[in-house]
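Colleague: I would like to learn how to read a few features of this model. Please take them one at a time.

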Amino acid sequence: MDKETIWLIIGFVGQALFSARFIVQWLKSEREKKSVFPIAFWYFSIGGGVTLLAYAVYREDPVFIVGQLTGLFIYFRNLYFVVHERKNLGIE
């Protein structure tokens, strides 16, 4: 496998992780009969965002890089809020 093919696979894996967050969120919301964001949503967002950022850096695409960095900041911040809230409520 050449370098380009490997990076294409990395890009598609990142996109798959990023897309999986919507499936996780949809299934959880369907079960609870309301719109909710499970913690897995944020983990998939971070996993997809980091992978796509690596792909964007490899492609040297400044628009894509800035977009992924901004998103990652938001995903980490939201995950912090979820973990902090669970810690305060005594939920593991």
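Colleague: Is Glu32 buried, partly exposed or exposed?

Modeller: Buried means under 20% relative accessible area, exposed over 50%, and partly exposed in between (1.4 Å probe, protein chains only). Glu32 has 35% relative accessibility, so it counts as partly exposed. Before going on: this is a predicted model, where local features need pLDDT of at least 70, side-chain atom pairs count only at pLDDT 80 or more, and totals for chains, interfaces and linings use all residues. Residues are numbered from 1 along each chain as its sequence is written, and side-chain values use heavy atoms, with hydrogens and water left out.

Colleague: Which side chain does Glu32 meet in a salt bridge?

Modeller: A salt bridge is a side-chain nitrogen of Lys or Arg within 4 Å of a carboxyl oxygen of Asp or Glu. Glu32 pairs with Lys28 at 3.0 Å, N to O. Lys28 is partly exposed, with a relative accessible area of 27%. Both residues lie in helix α1, four residues apart, about one turn of the helix. Helices here are DSSP runs (H or I, at least four residues; strands are E, at least two), numbered from the N terminus.

Colleague: How many salt bridges does the structure hold?

Modeller: It holds two. Arg59 and Glu4 also meet in a salt bridge, at 3.1 Å, N to O. Arg59 lies in helix α2 and Glu4 in helix α1, so this pair ties together parts that are 55 residues apart in sequence. Arg59 counts as partly exposed at 35% relative accessibility, and Glu4 is partly exposed at 35%.

Colleague: What is the phi of Lys33?

Modeller: Lys33 has a positive phi of about 60°, although it is not a glycine. Its place is the loop between α1 and α2 (39-59), and at 70% relative accessibility Lys33 counts as exposed. Glu60 likewise is not a glycine and has a positive phi, of about 55°. Glu60 sits in the loop between α2 and α3 (62-89) and counts as exposed at 65%.

Colleague: Which residues does the UniProt domain annotation cover?

Modeller: Such positions are given in the numbering used here, feature names are shortened, and annotations may be inferred rather than shown by experiment. The unreviewed UniProt entry annotates residues 10-81 as "domain: Lipid A biosynthesis N-terminal". That span is 89% helix and 0% strand, and its end C-alpha atoms lie 29 Å apart. Val13, in helix α1 (residues 3-32), is partly exposed at 42% relative accessibility.
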